[in-house]
Protein chains: 2
Amino acid sequence: MAEQKKMVDEITSMDVDFAQWYTDIVKKADLIDYSSVKGCMVIRPYGYAIWENIQKLLDSRFKATGHENVYMPMFIPESLLEKEKDHVEGFAPEVAWVTHGGNEKLAERLCVRPTSETLFCEHYANIIQSHRDLPKLYNQWCSVVRWEKTTRPFLRSREFLWQEGHTAHATAQEAIEETERMLNVYADFCREELCMPVVKGRKTESDKFAGAEATYAIEALMHDGKALQAGTSHYFGDGFAKAFNIMFTDKDNKQQYVHQTSWGVTTRLIGAVIMSHGDDNGLVLPPAVAPVQIVILPIAQHKPGVLEKAQELKERLSAAGFRVKADCSENSAGWKFAEYEMKGVPLRLEVGPKDIENGQCVLVRRDNREKTFVKFEELEKVAKTLLDELASSLYNKALDNLEKRTYSCTSTDGIIKALADNGDGFVKTMWCGEEACEDKVKELTGVGSRCIPFEQEQLAENCVCCGKKAKYTLYWAKAY
Amino acid sequence: MAEQKKMVDEITSMDVDFAQWYTDIVKKADLIDYSSVKGCMVIRPYGYAIWENIQKLLDSRFKATGHENVYMPMFIPESLLEKEKDHVEGFAPEVAWVTHGGNEKLAERLCVRPTSETLFCEHYANIIQSHRDLPKLYNQWCSVVRWEKTTRPFLRSREFLWQEGHTAHATAQEAIEETERMLNVYADFCREELCMPVVKGRKTESDKFAGAEATYAIEALMHDGKALQAGTSHYFGDGFAKAFNIMFTDKDNKQQYVHQTSWGVTTRLIGAVIMSHGDDNGLVLPPAVAPVQIVILPIAQHKPGVLEKAQELKERLSAAGFRVKADCSENSAGWKFAEYEMKGVPLRLEVGPKDIENGQCVLVRRDNREKTFVKFEELEKVAKTLLDELASSLYNKALDNLEKRTYSCTSTDGIIKALADNGDGFVKTMWCGEEACEDKVKELTGVGSRCIPFEQEQLAENCVCCGKKAKYTLYWAKAY
């Protein structure tokens, strides 16, 4: 147990310094490495395997809703970026510019894509002619670059991996439905696979995507009470279509502009998983995205038959579809316990000479360390049940955190008091809809607007700030 | 049939103008679109789906040989690129340089990765300490940028998609074994999945990768007799390790440099597939990578029961694991025939009222248009057999082309005559090993060296050029 203690001591406790706890985990669980490229990160095999699992699960949800994958160039000529006025204003200040190819200066600067609306629009103008060409439901998996000043692994980096869906529709209504459909796909994915509850809603005017008519978002609450925007879905109306002249001939042979959407989630989701479920012993991974779901640790492995049994169980569990690793290295059991707790492996399987005699092994849940003795013949069934139960527990714990830390307030003083009494969290208030009140609440209380939730409630008659007639329920929080 | 003819007429015949035939196919089979980003392409859903299949199949071969995926930053600081002298000399003239982030000039230029040896080396120097950390067997899937002057879709573009494996080993021997292992993985993949025979060999000194001790390559022969380098695998010795100080403590507690490799294939493989198997009606896709393996075309689809049957067969074939599409659109049968021939779908399934009465349907192979009547109850079995037979035929035809077009020559005049008499192809000669002879043969005959094949033959005593004692058999060809 000495070694175990040592490993655990190396991470800062989340209650002492949450930011340092986070940084400790991303490094010590081997998720990332820093490099000499400022603001960018190396995503190591264990971190990348989480992303591959996220990709696989999301991609099948995208395909099930009729989307196809494509690949656009990573560069955008300056003149193309400038075609939609709001869009370029939003992104130009934070793009990386390529000015030279080899030794030659380029005639026109190219930016490294911060997002690909302009490229998709140019392509759509080429390939959409008739109503029979619609809808176009495209997605791409790629990396994008935004020249951020302050960066943190997964949460905000100059380069990050993401998917960006871009769709074109015959009518505004279809496009709005798509925007909502994909927000729901994200929310379902977060709940079912990442065990993470989210609040679904619309961003305020001041907070929308550059060029969008409306931006929808899912907002999650991290363990420290700060909000994290986990995915967005934008409705563009025909603004981009007009700027890029994307027209089609409708059934009555008239020329019409298409209506568009875009939507995306990023490697930030890995940060969300860490800060939703992790604890002072390290990562705790939801089974759906864990690179290793069950780690097998042979106990007293020098004893005859132990390693063979470990290997046999590994093969059985793999054959049953679990992602399994057997660690038969010569590291001590204590070291191994701490290592796989740090890495958040959902189930630890211990098997030693006595267990073998008794025809059983032990399964230990990562989240609550609960031990279950399992007869070998029931291993697959019990492992499945325990993983499902662990997933439910993670979700319920995160939901409990979200609910306990959502404060309904009717005055700015009430907000200040709620946060002072209970710590950071979501603040729920009524709001008149004016940006001036949005700004003032932030200035007075420190929480910014997160979203106008789809589930509107009548918490009070009047705006939390100006006291005039309220139009919306609004969620506020400090945010990543 | 009128429509079918019209579709087919739109492609240039490959015998008339092979380059134009290729360009016609990539556009008309909806593989790519051009964009305003010069030298880059949009990979459309049908083209990208081929790449996804290639990725899936290769990735599982990489994982089966113990490799893990990672993701490195897309930027390389100029000072990092410069650390290995030969490497920077090879790549600096063809990289894209980022000089500004937002409105600010960067303190140091960053190049967009043309390949990531330098980034992997920096990371390896961080994470490798002991012999227990070795080997490191990493791979990444990403896009890279090389500022090419002349570009062609898939074959040579400024941005392309690829995978790059980067490994570090304790000994030179292990690294050399890895280099060869991965070349074999590529060759097996080309043969078994792309139905494409390749020649395996070593590049001459003048043709190696910048920074490598040895470069191995697989060379395929396209339908027009030109060679295409389809994949490379490099052995680095400890050159990069010394430049980046990647050392480990060996079992005797001594500090040693690691030995490294890298290996890659790109979206160029899609070009190779097109030019290996395509014909004057369009693409012909190997079943393993075809986005749609079987297209179902209902005949006289307005008659009762036809669409239902088409749908039923689609579900059956999907359930059996085939990639299937049913085209129940109102386009004419002739249009559909031509469309899916253009797209290279391996099998066409036709089903009409008479077929249904007879309890059967028709399967038509894309490559030779052979028809097979199939009882419904035998559909899955026969479809599997026909796809396997089609794959064998594609391979045998490509192998036949390669063998017929490989000319064994013993003089430069002989080379000139062989090419004049038989058209372009591989030329196989003996060679003294001197670069001067390599250059002179190219100057006199137009064919450049491709590789020193692993299967060495004794074709003659003397060098094809200088007449001195020969050291190697060498393959030559005009190349893409």
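Mentor: Before we start, two strands pair if DSSP finds at least two bridges between them, and strands themselves are DSSP runs (E, at least two residues; helices are H or I, at least four), numbered from the N terminus. Our model is predicted, so local features need pLDDT of at least 70 and side-chain atom pairs count only at pLDDT 80 or more, while totals for chains, interfaces and linings use all residues. Residues are numbered from 1 along each chain as its sequence is written, with chains lettered from A and ligands numbered from 1 in the order in which they are written.

Trainee: Thanks! Which residue in the turn between β5(A) and β6(A) has a positive phi?

Mentor: These two strands pair antiparallel over four bridges, with Gly101(A) facing Glu104(A) as bridge partner. They form a hairpin with two residues between them. The turn residue with a positive phi, about 60 degrees, is Gly102(A).

Trainee: What is the bridge partner of Pro77(A) in β6(A)?

Mentor: Pro77(A) lies in β4 of chain A (residues 75-77), which pairs with β6 (residues 104-112) of that chain. Three bridges hold this antiparallel pairing. In β6(A), the partner of Pro77(A) is Leu110(A).

Trainee: Which element gives the most to the side of chain B that touches chain A?

Mentor: In this interface, 43 residues of chain B are in contact with 43 residues of chain A, where contact means C-beta atoms, placed from the backbone, within 7 Å. Elements giving two or more residues to the chain B side include α3 (45-64), β6 (104-112) and β8 (159-169) of chain B. With six residues, the biggest contributor is β5(B).

Trainee: How many residues of that side of chain B are nonpolar?

Mentor: Nonpolar here means Ala, Val, Leu, Ile, Met, Phe, Trp, Tyr, Cys and Pro; Asp, Glu, Lys and Arg are charged, and the others, Gly among them, polar. On the chain B side, eleven residues are polar and seven charged. The nonpolar count is 25.

Trainee: Inside chain A, which element gives the largest share of the side of domain 1 that touches domain 3?

Mentor: By an automatic or database assignment, domain 1 of chain A covers 30-277 and domain 3 covers 406-477. Their centres, taken over C-alpha atoms, are 29 Å apart, and 16 residues of domain 1 are in contact with 14 of domain 3. β9 (199-202) and β10 (214-221) of chain A each give two or more residues to the domain 1 side. The largest share, four residues, comes from β9(A).

Definitions and conventions: Two residues are in contact if their C-beta atoms, placed from the backbone, lie within 7 Å.
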